[in-house]
Amino acid sequence: MKKQIAIVEDEPALRDNYAAALARQGYLIKTYSNRSAAMQAFHTRLPDLAIIDISLEDEAEGGFDLCRDLRAASAELPIIFLTARDSELDAVSGLRLGADDFITKDVSLPHLAARVAALFRRIDALRLPANAAEMIRRGALTIDGEKMQTTWNGSPVILSLTEFWIVHALARNPGHVKNRQQLMDAANVVLDDNTITSHIKRVRRKFQHIDTAFDAIQTVYGMGYRWVE
Amino acid sequence: VSIRLQLLIVALTTLVLPWAGCQYARELESALRGSQERSLLASAGTIANALSAQPQRVFRDVADSGAFSAAQGDLYVYPLVTQPLIDGYREDWDIAADPTPLPTSTGYRARLQAGATEHYLYLFLEVDDRHFDPEPYNVHAGKDRFDRVNLTLQNPDGAAASYFFATDAPGLIAAQSVVKNEDGTQRVLVEPRIQAFWLQTAAGYRLEARIPLSFVGRHLWIEALDGSGDGRAGIGADSAAGGRLFFATTGLDTLLATFIRDGTLATVIDVNSLKLGLAGSLNAARLKESEESPWYRYFLGADTENMPTITAAPDHMSGEPVRAALEGNARAQWALSGTRELLLTAAAPIMIEGRTLGAVVLQQAGDQLLALRDDALTRLFNLTLIATAAAVIIMFGFASWISLRIGRLRNAADSAVGSDGKIRLGMPDSGRGDEIGDLSRGFERLLSRLNEHTQYLRTLGGKLSHELRTPLTIVRSSLDNLESEGLRDDQLRYITRAREGTVRLQSILSALGAAARVEESIKQSERVNFDLRDLITSAVAAYRDGFPAANFALDVPPDPCFMRGAPDLLVQLLDKLIENAVDFCPAGGSITVHLARVPSNYSLQVINDGPLIPEAPLKHLFESMFEQRQGRDDKPHFGLGLYIVRLIAEFHGGAAVAANRADGGGVIFSITLPLI
């Protein structure tokens with residue numbers, strides 16, 4: 001059965017482009033231009049994935065409200081913010097509301113499709129047994145590539161997709177410096193340097209939340225970051 | 001010329017006040033003088049009228065009004081206040097005038113003065129005769145020659161009597177007379193009632209004689225004869241009329257005194273201007289000694305300078321009012337006395353039966369008036385000068401205050417737009433209701449409009465970058481979709497070009513919003529301790545990879561350089577500086593990154609070969625949206641790169657400056673960063 005994706009986006013051209021691209025990937029696409037229309041539809045049936053813009057027609061923060069309502073309706077529904085806003089504050093707010101990813105509209109359609117596929121893969125993987133081949137172990141760190149799960153000393157680290165790919169790229173080749181462009185490519189996002197920096201910061205903080213002595217991600221000034229064991 | 005000076009000059013116009021005061025004082029003085037003139041003239045007229053009603057108390061002889069002629073031997077008899085001693089000295093006569101010369105035809109000189117008390121006529125004769133010819137013992141007058149003075153008196157009854165004075169030795173003598181004996185011989189009689197003192201002096205002799213008034217009539221003959229020659233002087237007995245005696249009128253002083261007030265000198269004169277009587281004095285009413293003329297009198301003009309001068313004579317009066325009065329017209333005049341005191345003289349004729357027989361002359365000192373004027377003027381001057389000084393000081397203070405306020409406003413206006421392009425609102429004095437307050441408020445309005453505009457410009461980049469993002473995304477996503485439609489290769493080529501265009505657009509938008517993002521990330525930055533040397537070393541290593549065309553030189557201290565700050569931001573700062581240096585560094589040129597520890601600061605310098613920066617833009621280089629140089633690549637420039645450098649340097653408590661290299665081969669960008 002085809003996966004159903006709901007796109008809530010007030011810009012018709014963009015909405016149709018996204019819908020067309022994702023439909024080409026074999027997904028069933030429903031599009032809504034505002035929050036009330038979307039919620040009305042969601043009451044009858046929840047989609048398998050929701051892609052939401054933050055500002056929706058009259059509501060500058062309508063996407064946030066919609067995310068909150070969706071999350072209240074289902075704890076497991078994957079939600080992606082796709083927005084023109086690129087400020088860290090917006091990203092943090094979105095992720096804090098329970099979104100699974102925060103993607104700026106700079107992302108290309110193939111990247112978006114890959115991102116969507118990855119998210120579905122993670123959700124599917126959660127229901128399958130772990131595949132040892134996809135496991136990366138680096139000291140206290142364990143990355144399950146199939147489930148897209150990360151643990152540190154056995155405790156799960158809740159990472160967004162972008163963050164997951166960043167950690168994944170760094171930990172795959174410990175000691176190698178990954179510059180920002182490489183990290184962006186790994187995460188399938190087009191972000192400016194600042195956003196990468198803030199993603200790294202957020203990742204560090206999430207690890208430090210579990211282990212205050214965490215300093216495995218090292219900054220190589222002017223170049224990028226590397227994983228140190 | 002500053003406002004302060006201008007107002008000071010304006011304030012000086014208050015000096016017109018003292019000037020106006022002077023004019024007023026002058027007019028006041030003139031009016032006072034006029035009124036004093038009129039009142040004195042009226043007094044003179046009144047006294048003259050009163051006197052003409054009782055002529056016998058004024059004139060000894062109303063009928064006799066012959067002209068006075070000194071050449072004819074006419075003699076004014078001074079009224080003597082005290083009885084002089086008969087001693088050959090005149091000092092106790094207390095008369096300012098010198099004896100008058102007697103007429104002479106021989107060059108023999110003698111001088112005579114006459115005075116009178118109530119009972120005696122005094123004569124004082126001075127004869128220039130170096131050779132004393134004494135009177136021989138028991139001579140008969142006229143036979144032997146000796147120095148003698150002949151005196152013929154006409155007694156009140158009209159009969160004449162002749163006497164002579166001579167002596168064998170100087171001293172107290174009596175008059176002698178020659179009488180004819182019955183046998184026709186002559187003998188000399190001594191008249192003991194006429195006493196005299198013969199005093200021999202170096203120049204000749206003096207004779208002071210005292211004659212009872214009962215011997216004295218209207219006429220008198222007196223002649224000095226030289227005993228050793230033909231010299232003679234005076235009016236001889238051969239003159240028919242002899243000299244006439246002009247007496248002051250007895251009792252007239254007392255009479256006059258009843259008419260006058262203090263401070264007035266009243267003189268009654270006859271037609272010959274000779275004084276008949278006087279009363280009062282000029283000085284009695286003088287308030288105080290006339291002081292030195294105040295200096296400002298010089299500014300008032302010398303109004304007394306062109307007044308006529310009247311010299312007072314002891315025996316007669318002179319001047320225009322006297323002359324006019326004797327012609328029958330009352331007249332008053334201001335004049336200067338011999339001692340340069342201001343004197344008001346008023347004269348009125350004494351008319352009896354249509355004839356002018358004399359005049360009443362009243363004199364008052366104007367010094368009283370002058371003193372009054374000077375006093376008033378001094379006070380006026382002082383007051384107005386104080387007022388002027390106060391006005392000047394107040395105006396100066398006011399001007400200073402105004403100029404201070406304007407200066408404050410100017411300073412505020414000067415610094416309203418900071419070097420960071422931010423506008424500080426809030427002008428001084430804007431709460432005041434005056435024009436400067438208006439100006440201040442005008443500035444405020446201007447600034448707030450400017451501020452809105454600047455804010456708009458400042459946020460325009462961010463807004464633009466945000467607003468353009470959606471259409472750009474539509475274009476890109478459409479291209480993506482188009483690509484998936486299975487296009488021909490030639491079509492794909494155009495798609496690729498369009499995509500390249502969107503990538504460039506994307507980077508432009510990103511650059512546009514860069515400053516706003518840096519400002520935001522500065523707000524969210526956390527400070528950590530880190531090694532600056534380490535940061536720079538690894539960053540430069542990255543630049544060597546990133547810009548293989550440029551030669552990087554690194555010059556860092558041997559020890560770690562710990563500081564507290566945001567390393568990410570500092571890397572961005574370095575990025576911008578290096579990008580800038582690479583842009584302007586010619587091919588083959590070198591870029592030096594230099595870190596040094598100077599007291600209390602780290603000094604980070606990025607030095608590149610390349611063109612110099614003109615002096616003028618140097619200090620604006622770090623301002624927002626300042627872009628003078630055109631980079632050589634096609635990357636977008638919005639003049640934000642160095643502004644970001646500055647934002648980051650200032651976030652760390654440091655500063656950024658740019659300078660041309662001393663050797664002229666390039667530029668130096670220096671960042672100072674505090675140690676901790």
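This is a predicted model: local features need pLDDT of at least 70, side-chain atom pairs count only at pLDDT 80 or more; totals for chains, interfaces and linings use all residues.
Me: What is the area buried between chain B and chain A, and what share do carbon and sulfur atoms give?
Reply: The buried area is about 2500 Å². Carbon and sulfur atoms give 49% of that area.

Me: Which three residues of chain B supply more of its buried area than any other three?
Reply: They are B:Arg469, B:Asn481 and B:Asp568. Together they supply 21% of the area that chain B buries against chain A.

Me: What makes the pair B:Glu485 and A:Arg24 a salt bridge?
Reply: The N to O distance between their side chains is 3.9 Å. The cut-off is within 4 Å, for a side-chain nitrogen of Lys or Arg and a carboxyl oxygen of Asp or Glu. The pair therefore qualifies. The count between chain B and chain A is one salt bridge.

Me: Why is B:Ser273 called buried?
Reply: Its relative accessibility is 13%. Buried means under 20%, so B:Ser273 counts as buried. B:Ser273 lies in the loop between strand S13 (264-270) and strand S14 (275-279) of chain B. Phi of B:Ser273 is near 70°, a positive value in a residue other than glycine.

Me: Why does A:Glu57 count as partly exposed?
Reply: A:Glu57 has 44% relative accessibility. Buried needs under 20% and exposed needs over 50%, so A:Glu57 falls in between. Its place is the loop between strand S3 (49-52) and helix H3 (62-73) of chain A. Phi of A:Glu57 is positive too, near 40°.

Me: Why is A:Gln181 partly exposed?
Reply: The relative accessible area of A:Gln181 is 45%. That value lies between the 20% and 50% limits, so the label is partly exposed. A:Gln181 sits in helix H7 (residues 180-187) of chain A. The C-alpha atoms of A:Gln181 and A:Ile196 are separated by 9.1 Å, with the two residues 15 residues apart along the chain.

Me: How do the axes of H12 and H14 of chain B meet?
Reply: The axes of helix H12 (residues 567-584) and helix H14 (residues 641-651) of chain B come within 9 Å and cross at roughly 145°. H12(B) passes H14(B) in a left-handed crossing.

Me: Which residues make the contact of H12(B) with H14(B), and how do they divide by type?
Reply: Among them are B:Leu569, B:Leu573 and B:Lys576 of H12(B), and B:Ile644, B:Val645 and B:Phe651 of H14(B). The residues of this contact divide into ten nonpolar, two polar and one charged.

Technical notes
Residues are numbered from 1 along each chain as its sequence is written. Chains are lettered from A and ligands numbered from 1 in the order in which they are written. Side-chain values use heavy atoms; hydrogens and water are left out. Axes are lines fitted to C-alpha atoms, for helices over the stretch in contact, and angles run from 0 to 180 degrees between N-to-C directions. Helices (H or I, at least four residues) and strands (E, at least two) are DSSP runs, numbered from the N terminus. A crossing is left-handed if the near helix is turned anticlockwise from the far one by less than a right angle, and right-handed if clockwise. Contact means heavy atoms within 4.5 Å. Ala, Val, Leu, Ile, Met, Phe, Trp, Tyr, Cys and Pro count as nonpolar, Asp, Glu, Lys and Arg as charged, and the others, Gly among them, as polar. Buried means under 20% relative accessible area, exposed over 50%, partly exposed in between (1.4 Å probe, protein chains only). Buried area is the accessible area (1.4 Å probe) that two parts lose on being put together, summed over both.
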